[in-house]
Amino acid sequence: MNSKLVASLREAIGLAGLHDGMTISFHHHLRNGDHVLNMVLEEIAGLGIRELTVNASSIFDVHAPILEHIQNHVVTKLQCDYMAATVGRAVSQGILDTPVEFRTHGGRPRDIALGRTPIDVAFIAAPTADPMGNCSGKYGKSACGSLGYAFADARYAKKVVVITDNLVPYPLQDWSIPETDVDYVVTVDAIGDPKGIVSGTTRITRDPVGLVMASQAAQVIRHSGLLKDGFSFQTGAGGASLAAAKFLKDIMVAEGIQGSFGLGGITGYMVDMLRAGCFRSLLDVQCFDLQAVESIRDDPRHQEISAQHYAAPGDRSAVVDSLDVVILGATEIDTDFNVNVHTDSSGSIMGGSGGHSDTAAGAKLAMIIAPMFRARLPIITDHVTCISTPGRDIDVLVTQGGIAVNPNNTELQRRLSDAGLPLLDIRALKEKAEAITGKPRALPRGDRVIAQVFGREGQLQDVIYNVPQK
Amino acid sequence: MTEIIRAASAGTLESSDVYVEIEPRTQGIELQLESVVLGQFGGAIEAAVREILAQFQVENARLHVVDRGALDCVIRARVETAILRGKGDN
């Protein structure tokens, strides 16, 4: 029987020909439960290979051991779409000599496909695989559902190593990534910790401020002119965004509106909307919770899509081009509607665009939902610390203190005004917040660029500076 | 003048709240301030704390203020409560 099985990860790394200065890649469907990035870097460090570029679709707190590999020059450059606060803080303090390259979830696969960010060896964390490398995220003890972000890595990397903790006989049925893309298969005890991979049930917020914002968000959608048969929708997994989805579902069910698709990172709430008849299908690049994983496995209407299909610009089309409404978050938004999701208010990296810019650019209505202030820091600023998504792609900001429509979208302005929603100029909303919080003093910024933010079209959109140490 | 005769506290360490501890001190005010928004609002927080102390004529006390991004009105209320809990005649 043919087999691509190799005895150990170390052997696979050797067979793949990895050496100093190369680029390796990872996908983030195992989220904060991922073991694969850490175990691969551990082996690579043990082999004495140095000066690697790590291209990971996202870097989570669980990946903190990468900091040691950076200090030891095993890793000298990072490319990612999102970076959680633990690694982000160290990067903001200047741990890397080379700036981090941030892309969007659509820009990353586009740049991989075009050879702008070539990958030498891709490591695919596969919850189930067969000995020839057909693999899936839907089955196994480490099931994560969709493998959407890994498709480009598997397709375009020079060598592809599948790492699994659930090897099944050939052929695996219902594979996501086909054997045609895979060079080697390695089995390990555990590719991740299920507790960190999927949350049990994602709960909607009970915070009254969040509920006010969510109900306003649902009213904006209701009166946008887009909520009719064929409606398509994406929302984040944040508490207020999920609550907005729940209010929206109530409206759609009451009015008998049948949408076309729900998109994105999928949660149980979107699954509930599918089952309630709000959508004909779900298009899923990443599952956030157990209910989503079960649904993508069992319900043919719940379809896995690649990151390229989800969001990549420059292809003939992507799903975001057909999206009606997206609800997004922000750490800051400025009076020109530019949004920051890369840093906190003190300038330290704690996130990234992910699909933010892609969906904002594609959707007919891109809504930011955010409180007027968090822990005394106003959300609306004169200039965001980092432009993650340009203001021209944002249509409306919903806060508990009022709704600000981008003046470029005159039609939405008119519709919401006719509906009697509490509209305010974004500058007035900023003043309203500052009347409660006081005006924050600007923090000193470093003078060294520690990250570059590439917009979804591939242009350098902004840079992030180091945060000076006190 | 309000005399602080026992250690007292008010508030919590929840986000958007402030935890204020107050205790007796023989000479003057000693204020130790921590805040997640020290850079943006440190001056305003200290001014608010000292204003409430002056309002209650507290001249001798040691305060430890741990701020988690509380609004000005919350800071004033927590400091006031800590004073009332730590003063002599209640």
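Visitor: Which residues line the largest cavity?

Guide: In this predicted model, the lining consists of Phe26(A), His27(A), His28(A), Arg31(A), Asp34(A), Leu37(A), Ala56(A), Ser58(A), Phe60(A) and His63(A). The volume of this cavity is about 40 Å³, and the structure holds two cavities of 30 Å³ or more.

Visitor: What makes a space a cavity rather than a pocket?

Guide: A 1.4 Å probe fits in a cavity but cannot get out, whereas a pocket is open.

Visitor: Why is Gln286(A) called buried?

Guide: Buried means under 20% relative accessible area. Gln286(A) has 5% relative accessibility, so Gln286(A) counts as buried. Gln286(A) is part of strand S12 (residues 281-287) of chain A. Leaving aside residues up to four places away in sequence, Gln286(A) touches His28(A), His29(A), Arg31(A), Ser146(A), Tyr149(A), Gly264(A), Gly265(A) and Ile266(A).

Visitor: What joins the side chains of Gln286(A) and His28(A)?

Guide: A polar contact of 3.5 Å. The cut-off for such a pair of N or O atoms is within 3.5 Å. His28(A) is also one of the residues lining the largest cavity.

Visitor: How many residues does helix H1 of chain B have, and what span is expected?

Guide: H1(B), residues 38-55, has 18 residues and reaches 24 Å from its first C-alpha to its last, close to the expected 26 Å. H1(B) has a kink of about 25°, centred on Ala44(B). Just after the helix, Gln57(B) has a positive phi of about 55°.

Visitor: What do the buried residues of H1(B) pack against?

Guide: The buried residues include Phe41(B), Ile45(B) and Ile52(B). The partners of the buried residues are strand S19 (377-378) and helix H15 (426-437) of chain A, with strand S3 (29-35), strand S4 (61-67) and helix H2 (72-86) of chain B.

Notes:
Residues numbered from 1 in each chain as written. Chains lettered and ligands numbered in written order. Predicted model: local features only at pLDDT ≥ 70, side-chain atom pairs only at ≥ 80, totals over all residues. Heavy atoms only, no water. Helix = DSSP H or I, 4+ residues; strand = E, 2+ residues; numbered from the N terminus. Expected span 1.5 Å × (residues − 1). Bend = angle between axes of the 7 residues up to and from the residue. Buried < 20%, exposed > 50% of the residue type's maximum accessible area, 1.4 Å probe, protein only. Contact = heavy atoms within 4.5 Å. Polar contact = N/O pair within 3.5 Å; in protein donor to acceptor, adjacent residues only side chain to side chain. 1 Å grid on protein atoms, 1.4 Å probe; cavity = no way out; pocket = protein on both sides within 12 Å on 5 of 7 lines; lining within 4 Å. Points joined across faces, edges and corners; volume = space filled by probe spheres on them.
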